[in-house]
Amino acid sequence: MPVAKAVPGKTLLDPSNHTLIMIDHQSQMAFATKSIDPVSLRNNAALVAKAAKEFNVSTILTTVAEKSFSGPIFDEIKSVFPDMNVIDRTTMNTWEDSRIAERVNAIGKGKIVLAGLWTAVCIVGPAMSALDQGFEVYVIADACGDVSDEAHQRAMERMIQGGARPMTSLQYLLELQRDWARGETYNQTVATSIAHGGGYGLGLIYAKTMFNASEAH
């Protein structure tokens with residue numbers, strides 16, 4: 001019989017074991033995205049970016065044809081990383097740009113977390129390529145979108161069949177926090193949840209206002 005131990009599973013994410021790559025969150029790509037509404041998409045992208053910043057996650061930002069066609073990366077992301085160099089590509093598959101490979105190798109993490117537009121192109125390409133090269137791949141499904149529900153769902157299914165692990169933006173934040181007793185990140189995690197966590201954020205506001213309550217206290 002297995003023996004239970006009070007330690008996290010090896011497939012769980014923590015701030016030090018993965019690289020986050022946010023791909024092509026740009027206006028032109030968002031115009032045709034129909035599987036998620038623009039307000040939710042921008043909110044979830046902001047949540048992911050703030051989570052990565054708060055926990056000092058190794059992060060890569062990349063765009064495609066920023067100057068000539070697709071426009072700049074969402075301000076919700078750029079404002080969180082104002083000094084980060086955004087790698088602008090010509091390749092639809094981020095993984096085929098040598099600068100991305102160089103950054104991934106320099107960071108040296110075996111887990112890759114992906115979010116971006118469109119799911120069937122900008123995310124399937126690097127996900128399948130990274131899996132093929134031995135990386136563990138996670139996809140933040142609600143920080144991605146595609147031209148139709150069908151396109152998004154089939155892309156997610158294809159990646160899952162290949163071994164990718166799906167998750168959501170709020171799940172990403174809370175998996176990094178993992179323990180409410182971690183005081184150094186507690187306040188920012190709650191603030192990000194209130195700002196971008198939907199109904200969960202409203203619940204936090206209510207509990208704090210009505211009862212001065214907080215998690216793990």
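Asp24 is buried, with a relative accessible area of 0%. The model described here is a predicted one. Asp24 lies in the loop that runs between S1 and helix H1 (27-31). Its backbone has a positive phi of about 60°, although Asp24 is not a glycine.

## Other backbone features in loops

Ala65 also has a positive phi without being a glycine, with a value near 50°. This residue sits in the loop between S2 and helix H3 (66-70).

A cis peptide bond is present between Leu117 and Trp118, with omega at about -15°. Trp118 belongs to the loop between strand S4 (111-116) and H6.

Ser58, Ile60, Thr62 and Val64 point one way from S2. Thr59, Leu61 and Thr63 point the other way, and the residues of both sets are buried.

S2 pairs with strand S1 (residues 18-23) in the parallel sense, over 5 bridges. In this pairing, Leu20 stands opposite Thr59 of S2. S2 also pairs with strand S3 (residues 87-89), again in the parallel sense, over 3 bridges. Here the bridge partner of Val64 is Arg89 in S3.

## The nonpolar core

The largest nonpolar core has 57 residues. Leu20, Ile140 and Tyr172 are the residues with the most contacts inside this core. Helix H2 (residues 38-54) gives the most to the core, contributing 7 residues.

Which residues does Leu20 contact, leaving aside its neighbours within four places in sequence? Val57, Ser58, Thr59 and Ile60 are among them. Leu20 is also in contact with Val48, Ala52 and Val113. Ile140 and Tyr172 complete the set of contacts, and these two stand with Leu20 among the residues that have the most contacts inside the core.

## Helix H7

Helix H7 spans residues 149-162 and has 14 residues. From its first C-alpha to its last it reaches 20 Å, close to the 20 Å expected at 1.5 Å a residue. The buried residues in H7 are Ala151, His152, Ala155, Met156 and Met159. Seen down the axis of H7, the buried residues fall within an arc of 125°, so they line one face of the helix. An α-helix has 3.6 residues a turn, so residues three or four places apart point the same way.

What do the buried residues of H7 pack against? Their partners are helix H6 (119-132), strand S5 (136-140) and strand S6 (165-167). Asp149 and Gln161, on the other side of H7, are exposed. After the helix comes Gly163, with a positive phi near 115°.

## Aromatic pairs

How many aromatic pairs does the structure hold? There are 3 aromatic pairs. In one of them, the rings of Trp180 and Tyr186 have their centres 5.7 Å apart and their planes at 80°, so the pair is edge-to-face. Trp180 is partly exposed, with a relative accessible area of 21%, whereas Tyr186 has 11% relative accessibility and counts as buried.

Another pair, formed by Tyr206 and Phe211, is edge-to-face as well, at 5.7 Å centre to centre and 80° between the planes. Tyr206 counts as partly exposed at 47% relative accessibility. Phe211 has a relative accessibility of 56% and counts as exposed, because the exposed class takes values over 50%.

## Thr185 in helix H9

Thr185 is part of helix H9 (residues 183-196). Is Thr185 buried or exposed? At 10% relative accessibility, Thr185 counts as buried. Not counting residues up to four places away in sequence, Thr185 touches Glu54, Phe55 and Gln177.

Note on methods. Residues numbered from 1 in each chain as written. Predicted model: local features only at pLDDT ≥ 70, side-chain atom pairs only at ≥ 80, totals over all residues. Heavy atoms only, no water. Helix = DSSP H or I, 4+ residues; strand = E, 2+ residues; numbered from the N terminus. Expected span 1.5 Å × (residues − 1). Buried < 20%, exposed > 50% of the residue type's maximum accessible area, 1.4 Å probe, protein only. Arc of directions from axis to C-beta. Contact = heavy atoms within 4.5 Å. Core = buried A, V, L, I, M, F, W, Y, C linked by side-chain atoms within 4.5 Å. Phe/Tyr/Trp six-rings, centres within 6.5 Å; stacked < 30°, edge-to-face > 60°. Pairing = 2+ DSSP bridges.
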